[in-house]
Every structure is written in C-alpha cells, then in structure tokens.
Amino acid sequence: MSEGWLVLLQQAFSLLLSFDPEVWSIINVSFSVSFAALLITLIPSIALGFVLAFTQFRGRWLVTNLIQTLQSIPTVVIGLLVFLLLTRNGVLGDLKWLFTQKGMILGQMLICAPVLVALSQAAFSSVDRRAWETSRTLGVSWPSAVYVLCRELRVPLLLAVIAAFSRILTEVGCSMMVGGNILNATRNIPTAIALETSKGDFAQAIALGLVLLILALILNFTLGTLRGKAMPRSH
C-alpha cells in the first residue's frame, strides 16, 4: 500500500476516533432516517408477506409480481416519484417534507417495503403449512400461531430485515433527490461519500465508507451466528 493511502487511512480513522462533529452528524442522519423507515414498514410488510404466502385471493398473482417489480426499480426513480409528490404543486406538497428527513423517510419506506414483503413471503412459503394448520385446529389463537411461526422463521426473517436495512442505508438516488444533501440536516453517508469524492476529500469519504464496512461485518457475523444456532446439531 502506498504512503498516500496510509495517510488517507490515518486521517479517516482520526476523523472517526476524534468524533469529528461533521462526520458524526452525517452518520447520525443516516442511521436515524433508515431506522425510522425500517421500523415504520417492518410489521405491515411482514404481515403482507404472510398474507401472500398463506392465503388465496383474486389478484394475489398480480400483487406478488408488482412487489417483485418494485424491488428492481432504481432508487433514483423512486426519488423522482417522491420528489414530484412532495414538490409545492404535488399531491403531498402541503406537508412541506421536501428536503427534510421526513421526506427521506418516506422515500426509504417505498424502497424498504418491497424487499421486506418479498423476502418474508418467501420465508413463510418455505415453512410446512401443516404446522400452521395443526396449530389452528388445536385452537391456538391467530396471533399466537403467527408468533410461533415467526419464531420458527426468525433467521430468514432477520435476513429479510438486514437486506432491507442494507438497501436503504446505502442508497444514494432517492436521498439525493428528496433530501437535497444539506449538511447537518439531510446529508447521509452515501450522499456525503459521493460529494466528498467529487471534491477530492477522500479522507472523509473513506471514514464514512469504513462505517458501512464495519456495519456490514457486524451484521454478517450476527447472521452467521444465528444461522449456526438455528441448524440442527448432529450427535
């Protein structure tokens, strides 16, 4: 590794370890917005995934395909849609959420929900339906039966949550269009990395990239541990 890279890494770690106010403000905006979007969409999305996996109704095929299609839409297109909704003449213009964290949360909810619904539907579809039918036949209440099912599927459901959180935490297009990349207000990690790289301030970009890298390592190790505990042990 060249001396220049070592200096940049040293500066990046220095920014993080010295709790540089600008860097940690960006990190705070990123996590607060993405956690809010995830928490708001979590239960409704998993509930919809359960309904799609366990019930038959007219239009189920259409809803399933629409959700799968929404997963592949570029985040910048979702950002454009939310921007048009929140602009002064838009349907939601009176809310005045454009270039605010509330607007960013709305955009990330639209990105997060299809991932959660599709992956939770796949998880519920993989379980033996007889376990559910037996529980209901034995008189177990609806909420209790769903709770038991979710406990059995905690690893794939956690995988869905991690996948959804990773997608919204790292997306750039929607945050840039709806948030406006305003320092100490709507500037998050991906938009800050794009900005600082274009300015040639690689130290801050590397510092923020390290945060995402450390988060990815923590999430993957956590998931690996849970998978190991969930697997049946052979004696």
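**Close-up 1. Helix 5 meets helix 8 in this predicted model.** On the helix 5 side, look for Gln 108, Ile 111, Cys 112, Val 115, Leu 116, Leu 119, Ser 120, Ala 123 and Phe 124. Their partners in helix 8 are Pro 156, Leu 157, Ala 160, Val 161, Ala 163, Ala 164, Arg 167 and Ile 168. Sorted by class, this contact holds 14 nonpolar, two polar and one charged residues. Helix 5 spans residues 101-126 and helix 8 spans residues 154-170; their axes come within 9 Å and cross at roughly 160°. Angles over 145 degrees count as roughly antiparallel, so helix 5 is roughly antiparallel to helix 8. The crossing of the two helices is right-handed.

**Close-up 2. Helix 2 packs against helix 10.** Here the axes of helix 2 (residues 21-54) and helix 10 lie 8 Å apart, at an angle of about 140°. That angle makes helix 2 oblique to helix 10. Glu 22, Ile 26, Ile 27, Ser 30 and Phe 31 come from helix 2, and they meet Ile 189, Pro 190, Ala 192 and Glu 196 from helix 10. Six of the residues in this contact are nonpolar, one is polar and two are charged.

**Close-up 3. Asn 181 sits in a loop.** You will find Asn 181 between helix 9 (173-179) and helix 10 (189-199). Its relative accessibility is 11%, so Asn 181 counts as buried. The side chain of Asn 181 makes a polar contact with the side chain of Thr 191, at 3.0 Å. Leaving aside residues up to four places away in sequence, Asn 181 touches Met 176, Thr 186, Arg 187, Thr 191, Ala 192 and Leu 195.

Notes:
Residues are numbered from 1 along each chain as its sequence is written. This is a predicted model: local features need pLDDT of at least 70, side-chain atom pairs count only at pLDDT 80 or more; totals for chains, interfaces and linings use all residues. Side-chain values use heavy atoms; hydrogens and water are left out. Axes are lines fitted to C-alpha atoms, for helices over the stretch in contact, and angles run from 0 to 180 degrees between N-to-C directions. Helices (H or I, at least four residues) and strands (E, at least two) are DSSP runs, numbered from the N terminus. Angles under 35 degrees count as roughly parallel, over 145 as roughly antiparallel, 65 to 115 as roughly perpendicular and the rest as oblique. A crossing is left-handed if the near helix is turned anticlockwise from the far one by less than a right angle, and right-handed if clockwise. Contact means heavy atoms within 4.5 Å. Ala, Val, Leu, Ile, Met, Phe, Trp, Tyr, Cys and Pro count as nonpolar, Asp, Glu, Lys and Arg as charged, and the others, Gly among them, as polar. Buried means under 20% relative accessible area, exposed over 50%, partly exposed in between (1.4 Å probe, protein chains only). A polar contact is a pair of N or O atoms within 3.5 Å; within protein, one must be able to donate a hydrogen and the other to accept it, and residues adjacent in sequence count only if both atoms are side-chain atoms.
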